[in-house]
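Trainee: Could you take a close look at a single part with me, and walk me slowly through what surrounds it?

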Amino acid sequence: MSDDEEVDAIQDWKILTQDVVPKRGDKDFAPDGTLVQSQLLEDSRNAMYAALAVRRGHTIKQELVAIWYPERKEAYVPHLRGPYFKDIGRPSSSPSNKIQAAWLNPIETVYLCERGSVRIFLHNDSYERYKTRILQNYIQKEKSQGQGNNFDDDDDEQFDFESNLVSLSLAHLYALAFSHDSTLVGKYQVYSYLKRLGYLVLDFKDSTTRQLDEYHKLVENKANESSISIFQALKSYTLSLFSSKVSNILLAKRHYFTYKSIFRSLRLIPSYSTYDSLKKLKEPTENKLTPCFDVWKPTPQFSKKNPTQPDFQIVIANTNQSSFPSLSQIQELFNSSNHMLNSNTTKNTPATIKNSSSGPSKREIRAQRAKERYSKLDPKIQRSIDYNKLKDKKFKFGNSGRCFIVALIDNGVVNFVNLSEGDFSLAGFGTDDLQELSSNPNERIDHGIVW
Amino acid sequence: MGKRSKNFKELYPNPVPITLSTDAYGINLPDIIPHNPISWLIFGLRYLQIQAKSIPSNVVRVDFEDDVFKVLDPTDMNRLWSHGFFGKGSLSRSDPNWADRTSARLGLDDDTQQGRNASEEITKQRREERKRFKLERAKVQNLELKQRQGALNEDEEVELNDLRETLNNLKKIVPARKAISTTSNSLREEDEVLLIEGLDNLEYLQLQAVESFYLKFALGAIDIFEQNESLSSLELFKKCNSIDSKFMLNYVVYHHFRSLGWCARSGIKFGCDMLLYKRGPPFSHAEFGILIIPTKQEFINWIDVSSVARVVGGVKKNLVLCYVDEPIEDIELSEVSDIASLLKLYKVTEILYRRWTPSKSRD
């Protein structure tokens, strides 16, 4: 919406020292020559210094170590610890059941190193020898103990990374990780931005059944319903008798009884309706865009093995390399994105900003009042309100909910754009929920006509 | 809000300048209740009653002069404005109300006409109220500063409290919907001509090319004259295409949204091609801004789109990218004879463009 200034606001360090989120709106500091104002400024500064002075570091127990394998362009984490691996890393076979190991791709490696969570070393032969040794130990132990239940995993800790391996600086890691693929820096920028905001990010994976197959199923079902009743056929036939086209005027000269009927007879220009692009699934276009990341809002229940439908799907574009996507590129993306045809939900409505402290906001009070007023209304009116609300939502956010987010990179600056499939005529798929709410659910009406 | 919009619904009940036969003859068609044969009978009777009468027709004259579509007759101007909000008054901000404003300014209105207020007047008054509020607020802030500096004497303290009171009262005032008569303005020199010769309406309603063509071709609600010669739809079509090379694209999108009941008007003020209103400008702000893009256009600059989106988003409208498929074969527009068949060769696809802020989409 239009609360852009909220996003661009300057960091207020005082937040860190108080429990309550301050109210926005009033200026904190407006110099007027009085002590009050300069004191305010001083307080803010001190709060910032206090926030920065807090000791930051890692407990040795939690220390994470990764080894960069230059030939694999991946990092190996022999011992996973900490909360980072909910959506990071691919599990690797480890000599012990108790200890989990994982491989990190370049982006994940740089992200964890840059946030200071991992110490990274360059792989060499001495480490490889150590690894094989452990593996052999493990096999022997398993043989001797029968079932490998209880044995200590301290072997892993004994390897002295500092003296046996070369420690990598961040700059060195950047060079090693990103040099082979020029798109990685941009990807990393988007990835790290979203991760730091708390999102769960995985590489894009085509996880749904092909939309085209589902679409065909849907079409078959629709055909069985035989949507045109005899009455309607008769009606349109009678109407066609009256409308003889003369002299290039579209609206036939006859008696009209409703404006809806006038608009109906003016409908002429073919327009796209939801899922149409699935019908003409063509050869891939030249510069096919592919989704890059699946993104989830932060949630405690998340499994990277069996993730749910992603909340957002991100495509990365660079102003240096591409122009605004063409229609066929956009539609191809809709078609190849993770989308369930039958889950007809208009997604991604902007979240309302919650003000947990300091009582309900003005917006919440207004919403509450509207709710009360609504509950007192006649059910028929309530229905028509719901109908119009749903329709407005469909106009604004699309009828199918098919959308993706373009992360546009312009020389290091990232801008996010949401593109969704629009449908103003509301004449095809995905209008059953509207039909149910309409004043006469049995008669098929033109939902797109807003008069 | 509810009361106001209801008022507007009575003022502007018609979305197009076409009179419904039920309205013209005051005969209402009852709802048909399928299992009640009497309702069928009544419906049939009334239906025949209307069919026996002549089709109501009220065609507006439009003059095409110097590449401008003009409506000169005041009643016609009003009809096109109030029935679907077509055109713009040449001497007004939107609706053609120059004559009303001027006669109010010159004090020519009798009592019955008082209270008909032009939107321009209301805006002016609102701005004055706002200005007053800001002045008072500045006074309060000055005194508050003095108070902080400890230099406030007793009189000023009383004044501060009084000012705070007035400020609070000013905040409560509902912005005026009716302008207070502004007859007190002194007359201008050129007003004498108007006073002596009587107030002649100097204003005309100017139509966009797409509006004119829609009114003519789609609705048959206007007749167009060029040097007193009537233009047919086809002639007008060719004329419009010769004036504006993007006419076809614009018209396709215009017709698409108009035929869905939207009130489409020029989007030049917000850097886009079109604005979509529900019902019309008096009812609510435009909800959508339209950017027309021919599908075959190969290069579209990111910045062009994002700048439009930023402007449109900044005024709480949603940006819709309208991709238009054009006929595959090249069509010589000057040789077209059947416009409807031509229009069917186009196709409109809407893509919704919205800025996404990760920090606000998280919860």
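Mentor: A cavity is a set of points on a 1 Å grid over the protein atoms alone where a 1.4 Å probe fits but cannot get out, and its lining residues have an atom within 4 Å of a point. This is a predicted model, where local features need pLDDT of at least 70, side-chain atom pairs need 80 or more, and totals for chains, interfaces and linings use all residues. Residues count from 1 along each chain as written, chains are lettered from A and ligands numbered from 1 in written order, and side-chain values use heavy atoms, without hydrogens or water.

The structure has 2 cavities of 30 Å³ or more.

Elsewhere in chain B, helices α9 (residues 209–218) and α10 (residues 233–243) pack at about 165 degrees, axes 10 Å apart. They are therefore roughly antiparallel (over 145 degrees). In α9(B), the contact (heavy atoms within 4.5 Å) uses B:Ala209, B:Ser212, B:Phe213, B:Lys216 and B:Phe217. B:Ser233, B:Leu236, B:Phe237 and B:Cys240 answer from α10(B). The residues of this contact divide into 6 nonpolar, 2 polar and 1 charged.

How values were computed:
Axes fitted to C-alpha atoms, helices over the stretch in contact; angles between N-to-C directions. Helix = DSSP H or I, 4+ residues; strand = E, 2+ residues; numbered from the N terminus. Parallel < 35°, antiparallel > 145°, perpendicular 65-115°, else oblique. Nonpolar A, V, L, I, M, F, W, Y, C, P; charged D, E, K, R; others polar. 1 Å grid on protein atoms, 1.4 Å probe; cavity = no way out; pocket = protein on both sides within 12 Å on 5 of 7 lines; lining within 4 Å. Points joined across faces, edges and corners; volume = space filled by probe spheres on them.
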